[in-house]
Amino acid sequence: MTSKHLTGVAIVLSPFLLLGCLSNSYYIEREEVERLASVDPESRWQSVRAVQRIGGSDNPPEDDSLVGAPEASGGVYISTVVVDSHHPHLHYPPRRPIVRPVVGVGGAAPSSSVPAAVAKSTPAKGNGDPDSAALIAAAVVVGTGTGLAFAGSEGARYDGWLAVNPDEPLHLQLRDGATRAVALSSLAPDDLTAADGAIIYEGEGERFPKLGRAPLHRAGFTLSSALHLGGIAQVDRSTATGVGGYLLLGGNIANIVTLGLGATADGGVDSRRSLLMATIAPEVEVFPIRYVGVYGAAGWAYRNTGLDDGTRADEGWLVRGGLLGELPLTTRLALQARAGAALEVFPESAAVTWEGQLGFAVY
């Protein structure tokens, strides 16, 4: 893998654009909208599964205050009435009293410093380019910093069940890009013909009582970052202890399999010479048990060794694998630990080493 290719990989592993501010609006998946349309109108408000949006507006795109309002002859629902349900002492959340102009909510990624590139030594030795390990190390540092901020926003993001006023407007998201507002109590199966989902807007105040988060759900985009430790095969065929970081960008399928591109960057802590080891490899994680699984990867390894007359750069390959476990923190955030072994192969040396890490996974 050339430095040009690694530059592209470094950009991919630095996901600044994935960050954003949490919005006071919630997205309801089509399956949940279908469920709501199939139950009695008086029972719909008690429990609505929704996901807090990132970067969306707190308020609807237009005034919908009259959607679902009771007629002059009398309405079925009164927002101050307490309704018996499986959630004791739960009241209808109030309707939004006024709709404010649309104010977009955006976010910018926090800035992260990138370590200075490792300077090429003269003369260079080995079969590799010193910049290769440096580029991967920089991507891991930047990606880890970004991942920490991303984990903070995703950890605070609410994904669970809400109590919603029966006359609260659901803004159906139509397949042609348009939206249509319909009151929750008036929702009918015919309304779902061209809708992919719906959005409810809470405004600046917290009007929707939160009934509880959903369990850990691995779905879609996945980011993992961790403190990484492992053995490093040295030029003299001995093994040094390395400490550094780990970064994975990928996606999860069916809450069981995660596929992605992983990278590590470790510096030798007990080596007699300066030592930098960086790896990048396609990776797979499989969870046959809900919170316990296995991982495996195969890819490229880059090693920079400081010598008296400069830096020796070696390029090789590696295979790694082992066990991993997760401790759910929220619906989309889990503490993750891994332990395993790695085969590192370079032109003049090869070794089977150990590795371990502790960090987090965002789904």
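In this predicted model, the lining of the largest cavity is made up of 15 residues. His228, Gly231, Asp266, Arg320 and Glu344 are the ones that lie nearest its centre. Two or more lining residues come from each of the strands β8 (220-233), β10 (257-268), β11 (275-289), β13 (310-328), β14 (333-345) and β15 (350-362). Of these, β8 gives the most, with 4 residues. By residue type, the lining of the largest cavity divides into 6 polar, 5 nonpolar and 4 charged residues.

How many cavities of 30 Å³ or more does a search of the whole structure find? The search finds 1. Rolling a probe the size of a water molecule over the atoms is what shows where such empty space is left.

The second topic is helix α2, which spans residues 30-38. Which of the residues of α2 are buried? They are Glu32, Val33, Leu36 and Ala37, where buried means under 20% relative accessible area. Seen down the axis of α2, these residues fall within an arc of 140 degrees, and therefore they line one face of the helix. The face turned away from that buried side carries Glu31 and Ser38, both exposed.

What lies over the buried residues of α2 includes strands β1 (22-29), β2 (48-54), β4 (169-174) and β6 (195-201).

Conventions:
Residues numbered from 1 in each chain as written. Predicted model: local features only at pLDDT ≥ 70, side-chain atom pairs only at ≥ 80, totals over all residues. Heavy atoms only, no water. 1 Å grid on protein atoms, 1.4 Å probe; cavity = no way out; pocket = protein on both sides within 12 Å on 5 of 7 lines; lining within 4 Å. Points joined across faces, edges and corners; volume = space filled by probe spheres on them. Nonpolar A, V, L, I, M, F, W, Y, C, P; charged D, E, K, R; others polar. Buried < 20%, exposed > 50% of the residue type's maximum accessible area, 1.4 Å probe, protein only. Arc of directions from axis to C-beta. Contact = heavy atoms within 4.5 Å.
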